[in-house]
Amino acid sequence: MKRILKLYSTEIVFGFVSLLFIILTGAEILKPMNITAIFLQNSYIFILATGMAICMTSRGNIDISIGSFVCFICAMGGVFMAVMKLNTGFTIILLLILGLLWGCLSGYLISYLKIPAWVTTLGGYLSFRGLGVALINTFSTTGSIVGIDQSFMKLFSGKIFSSPIDSFGQGSLLFCIILAVSAITYKLYSLRKEGSSITNSVIFGCALSFAVSLVIGVSFSLTGGVPVSFVWMLIVVGITQIWIEKSAEGRKLIMLGANPENARIAGVNVKRAVFMTYIFMALCATLTGCIVLSRFHASSSYAGVNFEMDTIAACAIGGVSLYGGKQRILKAILGAALIGIINLGLSLIGIDMNWQWIIKGIIIVAFVSFDMYLKKDRYE
Amino acid sequence: MKIRGFLQKNYLLLSLISITIFFWIMSEGRLFYYGNILNLFQQNMYVFILASGMFICILTGGNTDLSCGSAVCLIGAIAFRMMENGYGGFVSFIVMLAVGTAIGAVHGYLIGKFRLPSIIVTLASMSILRGIANLILGGYTLSVSDETYLRLFSVSDGFPFYFVFVLLCVSAAVYISEFAPIGRHIYALGGNRKAARISGINEVRIIVFAYIFMGILTAISAAVVTGRMGIVGPSLGETYAMDAIAACFIGGTSAGGGKGKMSGVIMGALLTGIINQGMSILGLSANYQNVIKGIILVMAVLSGYLLNREGEKQQ
């Protein structure tokens with residue numbers, strides 16, 4: 001029983017909570033518009049949770065500066081495009097450089113100078129929020145910088161395979177089906193390559209994921225196309241997942257998280273690996289900043305508020321261990337989807353923000369306690 | 001190297017003096033006006049109180065409490081609602097202490113017994129407590145008119161009672177860290193967890209103790225702050241945790257625990273107060289104040305680390 005709980009805790013909770021919200025909202029949440037909204041409104045959690053899962057995999061490092069950094073990136077994007085009138089490509093390059101710089105700085109402080117991650121990122125949490133809001137207040141009197149390039153918005157918040165809202169766009173459905181089929185083929189292929197047999201549970205999993213992508217595809221088709229932020233999310237998650245499973249660097253990272261001392265002896269450059277995770281995290285935050293910026297159509301001082309909470313909650317639900325050593329990016333993504341459902345469900349029911357804060361806080365504590373309970377024997 | 005040794009021992013005092021002089025010159029002498037000095041202590045009482053508690057928490061092994069600002073808001077909100085409904089100031093204060101203790105006990109139990117990372121637990125409770133506080137306040141700012149409460153925690157009679165509370169909290173932290181047996185255990189636990197556990201120190205008990213202490217201090221600072229201002233608003237205490245943590249690190253407390261002195265923390269709190277005050281006098285917006293505080297936070301830990309490393313190399 002404990003073994004099943006351990007293996008499928010995320011899935012079980014996901015099932016229960018979604019069922020709960022389907023009942024509470026009277027199936028309102030299953031409408032195509034709302035399913036699309038889960039991905040549209042919460043794309044940031046998916047991308048940030050991927051980065052955070054990587055950070056945590058390397059021995060429980062954490063980054064609480066991401067929300068503020070997203071705000072800072074939004075502000076800088078607004079300044080570059082609306083105030084300095086730079087074009088889209090140049091802006092993106094500059095923003096990426098900023099992300100890279102912060103990643104290098106925080107990574108260097110944490111891995112090479114051994115300053116605890118929470119101190120460094122707490123500094124970032126304060127500074128970037130202050131800097132972002134100060135920039136916005138300097139360049140506008142209304143609290144938001146407007147005038148973002150159309151091409152920038154198309155790149156980060158448009159739709160592909162777009163179709164009129166009231167008709168059925170086959171392109172989106174086809175896109176989702178092709179994606180699901182290729183993902184399943186890849187999974188089966190790699191299983192066969194490893195020499196493991198295809199069990200019933202694998203077939204069940206494949207069928208379930210195909211059904212889910214069918215539902216998502218139909219929802220996209222009915223609501224006017226596939227959101228670009230969804231594509232960005234797929235790219236980030238897909239690349240990260242394949243990278244961490246297949247590449248030597250990725251395996252090293254998992255090994256490092258499982259036991260740093262062993263990893264060091266086996267010749268893993270521990271400092272470099274941790275350094276890289278923070279660069280990756282900062283780049284994820286930069287991408288999120290771009291998506292948020294184009295979703296709001298302006299750089300707002302409210303961008304990124306509480307993103308770190310949502311992200312950590314997603315990782316906690318996904319069972320990403322805070323003591324490192326487990327590769328559970330896909331489960332973190334499931335956790336992110338659950339947070340998305342909770343966000344949307346609570347606002348559909350009409351519960352106010354304060355309750356959302358309380359519920360999310362309780363979720364984090366409950367899941368982290370649960371994770372520790374399951375692994376009690378390992379750490380005693 | 002004599003100079004380096006001197007720097008290592010006294011860098012805190014030197015930076016205190018230099019920053020004071022900096023703000024003194026920048027504010028054209030206004031920093032030392034009588035009113036400003038009084039303000040410095042009045043507005044930053046919470047830094048002294050919370051930093052004392054935070055110091056004990058960090059000492060147990062880098063455990064932190066990010067939620068204390070939200071807890072101040074919640075505890076203040078509960079007290080004000082109680083007084084609004086006719087309970088006395090003294091009874092409310094007892095309830096505040098009880099709530100603070102309860103919050104601390106929950107934190108301590110989760111962090112000590114279940115071994116959850118303190119940063120996650122307190123980040124979560126930061127949002128939980130703020131949420132509950134806002135529900136209690138209902139989006140309004142409450143004010144207080146209870147005689148006993150105001151007499152206890154503000155200057156109405158000419159004698160600043162709140163100062164007694166600050167002194168009490170700081171001296172309690174000094175007593176615990178310097179003289180009490182449990183203080184030795186705290187240092188031992190922070191210095192080397194494994195060795196401390198093997199030599200029979202009850203880890204859970206110590207961490208629970210540290211967080212309960214922090215909780216009580218949070219309640220006291222809530223009383224002192226709300227008593228002085230006479231109001232509780234939804235955004236009360238948003239920067240308090242950062243200020244307290246910054247004060248500890250500026251004061252030379254090791255971020256990994258086990259090292260640090262209360263004397264340093266007091267100086268760090270003073271420095272944080274002067275920085276807060278100086279920036280307000282200069283008219284810097286809250287945003288830039290946050291930027292500077294964030295940088296100071298990292299710089300303080302960094303400089304402590306670099307100085308220690310130099311020291312180890314010499315030996």
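Start by selecting A:Asn354 and B:Asn134: their side chains make a polar contact at 3.1 Å. A polar contact here is a pair of N or O atoms within 3.5 Å; within protein, one must be able to donate a hydrogen and the other to accept it, and residues adjacent in sequence count only if both atoms are side-chain atoms.

Before moving on, a word on the model: it is predicted, so local features need pLDDT of at least 70 and side-chain atom pairs count only at pLDDT 80 or more, while totals for chains, interfaces and linings use all residues. Residues are numbered from 1 along each chain as its sequence is written, chains are lettered from A and ligands numbered from 1 in the order in which they are written, and side-chain values use heavy atoms, with hydrogens and water left out.

**Stop 1: around A:Asn354**

Stay with A:Asn354 and show helix H15 of chain A, residues 353-374, where this residue sits. Helices (H or I, at least four residues) and strands (E, at least two) are DSSP runs, numbered from the N terminus. Is A:Asn354 buried or exposed? A:Asn354 counts as buried because its relative accessibility is 12%; buried means under 20% relative accessible area, exposed over 50%, and partly exposed in between (1.4 Å probe, protein chains only). Leaving aside residues up to four places away in sequence, A:Asn354 touches B:Gly131, B:Asn134 and B:Leu135. Contact means heavy atoms within 4.5 Å.

**Stop 2: the two domains of chain A**

Now colour chain A by domain: domain 1 covers 2-162 + 225-379, and domain 2 covers 163-224. These bounds come from an automatic or database domain assignment. Taken over C-alpha atoms, the domain centres are 24 Å apart. Where the domains meet, 16 residues of domain 1 are in contact with 15 residues of domain 2.

**Stop 3: A:Phe39**

Next, select A:Phe39 in helix H2 of chain A, residues 32-57. With 11% relative accessibility, A:Phe39 counts as buried. Which residues does A:Phe39 touch, not counting residues up to four places away in sequence? They are A:Phe46, A:Ile216, A:Phe220, A:Ser229, A:Phe230 and A:Met233. Try the distance tool on A:Ser229: it is 190 residues from A:Phe39 in sequence, but 7.8 Å away in space, C-alpha to C-alpha.

**Stop 4: helices packed on H12**

Show H6 (residues 150-157) and H12 (residues 270-296) of chain A, which pack at an angle of about 115 degrees with their axes 8 Å apart. Axes are lines fitted to C-alpha atoms, for helices over the stretch in contact, and angles run from 0 to 180 degrees between N-to-C directions. On the H6(A) side, the contact is made by A:Phe152, A:Met153, A:Phe156 and A:Ser157; the H12(A) residues include A:Leu287, A:Cys290 and A:Ile291. The contact residues divide into 7 nonpolar, 2 polar and 1 charged. Ala, Val, Leu, Ile, Met, Phe, Trp, Tyr, Cys and Pro count as nonpolar, Asp, Glu, Lys and Arg as charged, and the others, Gly among them, as polar.

**Stop 5: two loop residues**

Finally, select A:Ala27, in the loop between H1 (2-24) and H2 of chain A. A:Ala27 is not a glycine, yet has a positive phi of about 65 degrees. A:Ala27 is partly exposed, with a relative accessible area of 36%. Then go to A:Asn306, in the loop between strand E4 (298-300) and helix H13 (307-317) of chain A. The phi of A:Asn306 is positive too, near 65 degrees, and A:Asn306 is partly exposed at 23%.
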